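Please keep the viewer open beside this text, with secondary structure shown, and follow the selections in the order in which they come.

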Amino acid sequence: MVSLHLVRRSAGAVLALGLLTGCSSGAEPAADAAAEERPEIRIAVAPSVPLSVPLTGLAASPVATDTAGVRTETARTPDDFRAMFTSGSVDLATMPTAVAANLAARDVPIRVLGVVDSALLKVVGPAGVQGWDALRGQTVRIPFRGDAADLTFQILAAENGLVPGRDVTIEYGSTLPDTVSEIIAGRVPLAVLPEHFATLTRTQAGLGEVLDLQTEWTRSTGSGSLPQSAVVVAGEFADRHPELVARIAEQMRETTERISAGATDAERAEIAQATGAPEPMVGAVLPTLRLGWLTRDQARDDITTMLNRFLELSPDSVGGRLPDEAFLRG
């Protein structure tokens, strides 16, 4: 026979175990909630001086104290960005606006936070050569077929009397570094390059700036900017952390404006480390970029104009249609 004393002890043990188990299971949601309130920010970045500027100092900023940390990963091609957002491995990115629009048109939830407004895209070639007429009968190398630089150049060339394939020949590279290497080696006479690679090429090869495509685009279209590069956020992350996302956007605006007015030594060093560009070049190129930050609302009309022009020339470049309203309205 089991004694009443043992039964009472067993019942007490069961009750205690139940209380402990209840406390344990109650702690897990609390821990999950805390983790939800302090998410890690996963950022995809292009190794570009102007596109690195808004992110400079973010990991050490007051914004980051409300997170579990900031982790960055380099994306070197448009396909890298597509893969990262499609797989859900990033929350935030500085990336080509057209690539982001393509993803949104294909129902990948992605939204614009702001635009890096800058003289990002240049045609470089022999020193002293300038203007569209200088390109007639020439071959121009563009790093990626069908990307924003390619479409922008084709649109502007045609509007300036140069029909691609007839008046000017376009060749495509496989990577941006390959195009840079070939023009520095003299195997390519002219190339369309983003900054800071345009300045790197001109400096090392003694070349000149043939055209500033930002200036050409605004003159041709009447837009206030050429919004080729945007800071975008994954829709799910924005929905879960709206206040944090708003603070990140404000931090990026403040950083861009401050660095545009004059970067500190520490900021130049951070940008150089993030991009692989020599620090003296970072210091030399920043003042030439006319860097600015446009909010989503400020950039909406210019983005729409650009995407419509791309859609006319190459529907596949933006996913066959314009993205839905959430892309530009959050």
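**A tour of the sheet**

Begin by selecting residues 121-126 and residues 190-194, which are strand 5 and strand 8, paired in the antiparallel sense over 4 bridges; two strands count as paired if DSSP finds at least two bridges between them, and helices (H or I, at least four residues) and strands (E, at least two) are DSSP runs numbered from the N terminus. The model is a predicted one, in which local features need pLDDT of at least 70, side-chain atom pairs count only at pLDDT 80 or more, and totals for chains, interfaces and linings use all residues. Residues are numbered from 1 along each chain as its sequence is written, and side-chain values use heavy atoms, with hydrogens and water left out.

Within this pair, display Leu121, which stands opposite Pro194 in strand 8.

Next select helix 5, residues 148-159, which packs on the sheet and touches strand 5, strand 6 (139-142), strand 7 and strand 8, where contact means heavy atoms within 4.5 Å. The direction of helix 5 makes about 180° with that of strand 7; axes are lines fitted to C-alpha atoms, for helices over the stretch in contact, and angles run from 0 to 180 degrees between N-to-C directions.

Now widen the selection to the open sheet, in which 5 strands follow the order 7-6-8-5-9 with mixed pairing. Strand 7 (169-172) and strand 9 (207-212) stand at the edges with a single partner strand each, so one side of each is left without a neighbour in the sheet.

Finish with strand 6 and strand 7, which run parallel and are joined by 4 bridges, and show Arg141, which stands opposite Glu171 in strand 7.
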